[in-house]
Structure formats: C-alpha cells, structure tokens
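Visitor: I have a chain here and want to know what its labels rest on. Could you take me through them?

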Amino acid sequence: MENSFNKQMLKRITILAVVIAFLFSLDAVRIFDISVIKGAEYSAKAESQQLSDTEIEAKRGSIYDCDGNVLAQSATTWDVFIDPSNITDNNRDTLVDGLSEILDFDDEEKAKLLENTKKDTQYVKIAEQVENDIKEEIFTFKVENTLANCIGTEQNTKRYYPYGEFASSVLGFTGDDNQGLYGLELYYEDELRGTNGRIVTVKDAQKHDLPTDYETSIDAIDGNSLVLTINQNIQYTLEKNLRTTLEEYQCKGAYGVVMNCKTGAVLAMASLPDFNCNEPYELTYDKVINELEEITDKDEKAKETSNQIQNQWMNFTVAGTYEPGSVYKTFMASAALEENIVSLDTTYNCTGSIQVEDYRMNCHYHQGHGLQTLSQGLANSCNPFFITIGQKTGVHNYFKYLKAFGFTEKTGIDLPGEAKSQYYREEQYGIVELSSAAFGQSNNLTPIQICSGICAIANGGTLVKPYVVDHIIDSNGNTVKKTTPTEVRRVISEDTSEKVRTMMKGVVDNGTGKNGYVAGYRVGGKTGTSTKLAESQGDKTKYIVSFAAIAPSDDPEVAMLIIVDEPNQDLGGGALCAPVAAQVVEVCMQELNIEPVYDEDETKNLPIDTPMLIGKTVDDAKQTAQASNLKCRIIGDGETVIRQSPSSSSKIPVNGTVILYTEKTEKSTVEVPDFSGLTISQANSLAADYNLNIEISGNNLSNAAVVAYRQSVEPQTSVEAGAVITVSFKNINSVLD
C-alpha cells in the first residue's frame with residue numbers, strides 16, 4: 001500500500017514538474033519575443049511614452065536689396081495644439097468656447113475643434129502660424145481656466161514681404177512649411193532654410209514634462225541671408241512705369257530688366273502682371289479678373305484661374321522667349337562691322353521693300369527711306385537695308401555671332417526656370433531664313449539674353465554673366481559668399497562697340513527712339529516690333545514691342561530692355577517702351593551719381609532757382625524777376641512782398657510766373673488741369689491760364705509732334721497758385737518697326 005502511495009506521489013510530482021517546466025518555457029519564449037524579436041518595437045513605444053521630441057525650426061534667412069532694405073524676412077509665429085487625452089467633459093466646453101473666440105473660428109471650425117477634443121490621441125494641431133499676441137492670449141486663458149495640460153503652443157516661423165508686390169517675380173515666395181517654391185526663395189533654398197534643432201524632454205508616469213535637468217536640446221542654425229544687386233529706387237521706377245503702361249494699354253504683359261553693363265549685376269527686373277508675395281495665389285490684374293468673371297462654366301473657370309495664377313508667377317524676362325524684332329539690328333550691325341563687311345559710310349537705297357526669292361519683304365515705311373548711310377538705316381530701322389547686310393554677312397558669320405553674343409545658350413543667371421532659346425541651326429539657314437533673321441525675326445530668344453547682349457555692345461565688347469545676388473551673409477552678418485563678375489567671352493572689338501553705341505545714340509536723337517531722350521544724358525537705344533503670327537487671328541494682328549537702351553552712350557554704365565506684350569493699340573516700342581526706359585534711365589543716373597552734362601540747347605531750357613523776392617517792394621520784385629526771365633502776378637494792394645510762390649531757391653521754368661502776396665490773405669489755390677494729350681505749346685498756355693508753371697520732361701526733340709502723357713500732380717488736385725507741375729511728353733506716332 002505504501003508502495004502504491006509513493007507511485008502516485010511520484011506521478012503527481014512529475015506532472016507538476018512538467019507543467020512548471022512548460023510554464024517556464026512559455027515565459028522564456030515570451031521574454032525572448034519581447035526582448036529580442038520585438039525588442040526594438042517595444043523600446044520605441046516606451047521611449048515615445050517617456051520622451052517628448054520637439055523639432056525647432058531654423059529661422060529662414062532674410063533677403064535685402066543692395067542698400068540693406070529688407071525685402072523678405074521670417075518672424076516667429078506659433079502653432080497651437082490640444083491634448084485630447086487630458087480633456088474631460090468638465091472642461092471641454094470651456095476650452096472649445098475660449099479657443100474659438102481667441103482664434104476667431106467660425107461655426108464650422110468650432111465644430112471641428114469640438115470633434116478633435118474627443119479623439120483618442122495626445123496631439124491635434126488646431127491652428128498654424130498665429131502671431132505672438134494671440135499666443136499670449138491663449139497662455140493667459142489656459143492658466144486662468146486650469147487647462148495647461150490641454151493646450152500647448154509650438155514655435156514656428158512665417159515669411160513676410162514688407163513691400164507686397166515689389167520685385168515679386170525675382171523674390172518668389174515660400175509655402176506653408178516655409179520651403180521656397182519660386183524665385184530666389186527656391187533657387188537659394190539650401191542657403192536660406194538653415195538647419196532645424198531639437199528639444200528632447202523626459203515625461204513622468206502622468207505624461208507631464210520633467211524639470212529641464214532631464215532635457216536635451218540641439219540649437220537650430222538659422223539660414224543665411226541674401227544681399228541682392230537690386231536697387232530699390234530703380235526697381236520701383238521700373239515697376240511703376242510698366243504698371244502704368246500695362247493698365248493704360250490693357251497689355252498681356254509688360255517686362256523689363258536693367259543691368260550694370262560692366263559687371264552683369266541686375267539693378268532691376270520686373271515681369272507684369274505680378275503678384276503679392278504675401279498672397280501669391282490671389283490675382284492682381286483687373287483685366288484678367290474681369291475676363292475670368294465672364295466665364296460661366298465652373299470647371300473651365302477653375303482651370304483658367306489656375307493658369308492665370310501660374311502666369312503671374314512667371315518671370316518672363318528669364319523664363320520666356322520672343323522674337324526680338326528690330327532690336328536685333330544692333331547685333332547684326334555689330335557682326336557686319338566686326339567682319340569689315342560694312343562701314344559707317346556704307347549706303348543703301350530703300351524703296352520700301354526687297355524681293356527675297358518668292359517673298360517680298362517690306363520696310364515699315366512703305367514709301368521707302370531712299371538713300372541712307374548705315375547709321376541712318378539703324379535710326380530709321382530699315383528692314384531692307386539690314387536684309388542686305390545679313391545676306392552679305394552670310395550664314396556662317398551670322399551664326400558665329402549668334403553664338404558669340406550668347407543667344408544659343410542659357411545665361412546661367414541665378415534664378416530658376418531659365419528658358420532655352422529656340423533658333424535655327426547653321427545648317428538650317430537658307431536665304432529666306434537668313435534675311436528674316438537679319439532684322440530680328442525667326443529666332444526666339446529670352447529677354448535676359450538680349451539684355452546681356454546689349455551689355456556686351458555697351459561695355460566695349462565683352463559678354464558678361466548676369467546675376468542677382470551680390471553676396472551671402474550668415475546670421476551674424478559675416479560674408480560667406482561673394483559673387484565675382486564673370487566675363488564669358490569677348491564678342492566684338494572696342495572700336496566696333498564704340499561705333500554701334502554712336503549709332504544707337506542716333507536712334508534716340510534722330511530716329512525711332514526719340515522718346516528715350518533724357519536731358520543731360522546721352523542715351524542710346526533701339527526700338528523693336530515683332531508680329532506674333534501664331535497668336536494673330538483674322539484681321540487682328542498681335543505684336544510684342546520693345547526698346548533697348550544704354551546710358552550714358554559714350555561710357556555706358558547701364559543697359560536695359562523694356563518689352564510690352566500685345567498692347568490694345570498698334571503702337572511700337574518707340575511709343576510704349578522708350579518712355580518707360582527714359583524714366584528709368586533718369587533714376588539710374590541719379591542712383592549711380594552720374595552728373596548730367598547739358599548741351600547748349602538743353603541749358604537754355606533748364607529750370608532756374610526762384611529768386612528771393614520777400615521784403616522787396618513790388619517794383620523791385622518785378623525788376624528782379626524780369627532779370628531772371630520770370631513773370632510776376634501780384635495779389636493784394638500792399639507795397640511790399642510778404643509771401644511768394646514758388647518759394648525762393650525752388651526750381652521754376654524759364655519764363656515762369658511767380659505769385660507775389662502783398663497782404664496777409666489766404667493762399668490762392670487752383671485745381672490742376674489735365675494736360676494729357678496736349679502739345680507743349682498747348683500745355684504751357686493752359687498752365688498760364690491756371691497760374692501754374694510746367695516743367696517739361698521727356699521727348700521735346702520735335703515739339704510739334706509730341707503730346708503730354710504724364711504729370712507729377714494728378715488732375716483736380718488743389719495746389720497753390722504758382723506751383724510747378726512736371727509734365728512728361730512723348731511722340732505717340734511711332735512706327736511698328
């Protein structure tokens with residue numbers, strides 16, 4: 001019996017041992033699975049529950065103009081988030097109502113916030129890039145309502161452009177994540193963005209952050225900043241005049257680029273219609289907005305709206321191509337002179353057209369210019385003359401200079417999206433193609449290529465690489481990179497350069513570019529028109545017109561190209577683009593401290609300093625004014641002058657009128673009339689009727705043919721009698737050359 005009992009006990013012990021061994025095996029397998037097979041996974045989960053890893057975004061570098069004015073900068077903002085795991089039914093309504101009011105949520109946004117408070121998570125972002133005052137208001141709210149564990153803020157940055165649309169096609173813009181999407185913001189993304197930092201914080205069992213002793217941080221490294229070659233005053237003048245032309249003539253576009261012809265530095269660049277860098281998805285051109293409103297189909301309207309938004313982002317001066325038209329004649333002349341195929345004395349008798357195989361190619365002046373020298377041919381923009389020059393030059397030499405001036409390759413400017421020119425290869429030219437190309441048709445080039453080529457003519461014959469960023473500085477202001485002007489190649493000799501510059505001055509003095517005239521500065525230029533055959537329909541011909549300019553022509557500092565695309569009137573570059581160039585040239589000369597040098601005729605028309613007449617008797621004042629070639633108008637019955645307009649030392653035109661007050665009466669005021677469309681003599685007569693003085697600006701080379709198109713004071717503005725109004729004149733009877 002005892003033996004049987006022992007056997008039973010042994011059996012039970014054996015079974016128990018097996019069970020225990022099995023259980024230990026399961027535990028061992030489980031431990032192995034947790035620690036080895038799934039060790040990394042569980043370790044990451046534990047770490048995520050114990051650690052808070054927050055990224056600190058680096059501050060994006062700023063962008064400055066050449067004088068240090070801020071064009072783009074980043075400022076600290078805040079993202080707002082909630083922790084639904086700490087939100088209860090007791091505090092939910094307070095949180096939702098308070099945050100909705102502070103963040104100015106509408107009903108839909110408030111409902112979404114309420115829904116987010118019930119999510120099974122510890123983090124939901126509810127607002128991005130709020131300003132510091134909102135962040136402070138949220139902090140006060142959560143402290144006062146014991147919601148510190150429910151609401152949090154994270155540092156972020158927002159990009160600001162203080163001048164909105166200013167230089168937008170150059171600057172570009174950033175996305176919601178502060179990443180550059182366009183323009184310099186995109187091209188220099190690696191320099192501007194910096195390196196983000198991190199803060200790693202340990203949490204306790206209740207998921208609260210432990211003291212900073214347990215915190216590890218890696219500082220963010222702010223991005224570098226760009227200092228541009230762009231001059232704010234030149235850029236402003238370019239944009240202002242292009243915008244006026246764009247709106248007045250309801251153009252498809254208006255573009256311009258201004259360069260230091262000796263270094264390649266871009267002083268100004270604009271492509272209109274443009275956009276507000278702070279709101280890049282909003283359309284800005286009323287013509288486009290009105291056209292979109294007429295589209296009734298929803299899908300078509302959405303598609304066209306998207307197209308127009310992208311169109312206003314496009315920097316046509318770099319990313320667009322066009323047929324340069326007669327501006328190209330400056331390069332054709334340069335090639336022919338350099339190869340000794342023509343001289344300044346070469347003549348041609350223009351009859352109004354020329355036969356090239358089966359094609360009759362017309363001159364814009366159908367009656368014919370008659371016998372001309374080369375200089376006269378350029379001034380008159382005579383197509384048949386330059387067709388013969390192109391034929392004499394030959395295909396090989398033509399293509400040689402097409403390449404030499406850089407028209408077969410990208411310029412390499414530091415802006416994104418530079419287009420590739422479209423041109424005939426050397427083996428593709430026949431006599432017709434060569435003849436057409438000789439006066440600027442057939443080949444499609446970029447504006448920045450043309451302006452760079454004009455720089456080569458202006459600077460003595462060397463092609464220079466255009467650039468927009470002068471140097472790059474770090475967050476401490478130290479220069480880390482400096483752009484060195486790059487000479488690409490010598491294209492023409494200094495002698496040829498001088499000859500073509502002289503010819504270009506003749507275009508402004510005596511030819512199609514008279515509206516480019518600026519008193520005191522020797523301006524050279526060339527007008528151009530090209531027909532947009534692919535976009536012309538029926539009787540409606542579409543044009544793109546232009547004007548290239550250099551100044552001062554005897555020793556140029558700047559070169560520029562102004563383009564107007566599809567104006568609503570058949571006017572050439574001389575009427576639409578040259579006046580813009582004249583305004584920009586004048587500001588360029590002032591910014592570069594180039595003193596004007598007036599010839600004898602210009603000196604006679606310069607405004608003079610108004611003499612001091614206060615305190616003089618009326619008779620003495622009249623004599624003093626007369627000695628200065630000025631007239632007087634007396635207000636009052638007193639014997640002594642007690643006030644005058646204009647004030648002493650201010651500028652007044654010769655033969656102008658000074659208003660003299662002899663009694664303490666209120667100033668005599670007048671409403672400025674509208675001078676637009678008047679000739680110089682008509683404008684002077686109208687100004688005299690209103691007791692005003694006008695200073696003549698712009699083209700006065702052929703007084704009878706020019707009319708006023710702009711004035712310094714808007715019509716119907718109240719001013720004091722005797723005030724000086726600057727009135728600009730231009731010839732609107734320019735040719736489509």
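Visitor: Which residues of α11 are buried?

Guide: Gln308, Ile309, Gln312 and Trp313 are the buried residues of α11. Buried means under 20% relative accessible area, exposed over 50%, and partly exposed in between, with a 1.4 Å probe and protein chains only. A word on the source: this is a predicted model, where local features need pLDDT of at least 70, side-chain atom pairs count only at pLDDT 80 or more, and totals for chains, interfaces and linings use all residues. Residues are numbered from 1 along each chain as its sequence is written, and side-chain values use heavy atoms, with hydrogens and water left out.

Visitor: What do the buried residues of α11 pack against?

Guide: They pack against β6 (173-174), β7 (180-182) and α10 (286-293). Contact means heavy atoms within 4.5 Å. Helices (H or I, at least four residues) and strands (E, at least two) are DSSP runs, numbered from the N terminus.

Visitor: How does the reach of α11 compare with what is expected?

Guide: Helix α11 covers residues 298-313, which is 16 residues. From first C-alpha to last it reaches 23 Å, close to the 22 Å expected at 1.5 Å a residue. The expected span is 1.5 Å times one less than the number of residues.

Visitor: What is found at the start of α11?

Guide: A side-chain oxygen of aspartate 297 reaches to within 3.2 Å of the backbone nitrogen of aspartate 299.

Visitor: What puts the buried residues of α22 on the same side?

Guide: In helix α22 (residues 618-627), the buried residues are Val618, Ala621 and Ala625. They cover an arc of only 60 degrees around the axis, which puts them on the same side of α22. Asp619, Gln623, Gln626 and Ala627 are exposed on the other side. The cover over the buried residues includes β25 (631-635) and β28 (657-661). After α22 comes asparagine 629, with a positive phi near 60 degrees.

Visitor: Why are β30 and β31 said to stand at the edges?

Guide: Three strands form an open sheet in the order β30-β33-β31, with mixed pairing. β30 (693-698) and β31 (707-711) each have a single partner strand, so one side of each is left without a neighbour in the sheet. The twist averages 40 degrees from one strand to the next. Axes are lines fitted to C-alpha atoms, for helices over the stretch in contact, and angles run from 0 to 180 degrees between N-to-C directions.

Visitor: What makes β31 and β33 a pair?

Guide: Two strands pair if DSSP finds at least two bridges between them. β31 and β33 (residues 724-730) have 4 bridges, in the antiparallel sense. Alanine 708 stands opposite phenylalanine 729 in β33. Helix α23 (residues 680-689) packs on this sheet and touches β30 and β33. The direction of α23 makes about 155 degrees with that of β30.

Visitor: How many bridges join β14 to β15?

Guide: There are 4 bridges between β14 (residues 353-356) and β15 (residues 359-362), which run antiparallel. Glutamine 355 stands opposite arginine 360 in β15. The two strands form a hairpin with 2 residues between them. In the turn, glutamate 357 has a positive phi of about 55 degrees.

Visitor: Is serine 326 buried or exposed?

Guide: Serine 326 has a relative accessible area of 0%, so the label is buried. Serine 326 lies in the loop between α12 (316-319) and α13 (329-338). Among the residues it touches are Ser381, Phe439, Lys526 and Asp737.

Visitor: Why is alanine 220 called partly exposed?

Guide: Its relative accessible area is 26%, so alanine 220 is partly exposed. Alanine 220 sits in the loop between β9 (216-218) and β10 (225-228).

Visitor: Why does aspartate 104 count as exposed?

Guide: Aspartate 104 is at 64% relative accessibility, so it counts as exposed. Aspartate 104 also has a positive phi of about 55 degrees, although it is not a glycine.

Definitions and conventions:
Polar contact = N/O pair within 3.5 Å; in protein donor to acceptor, adjacent residues only side chain to side chain. Arc of directions from axis to C-beta. Lists of a residue's contacts leave out its neighbours within four places in sequence.
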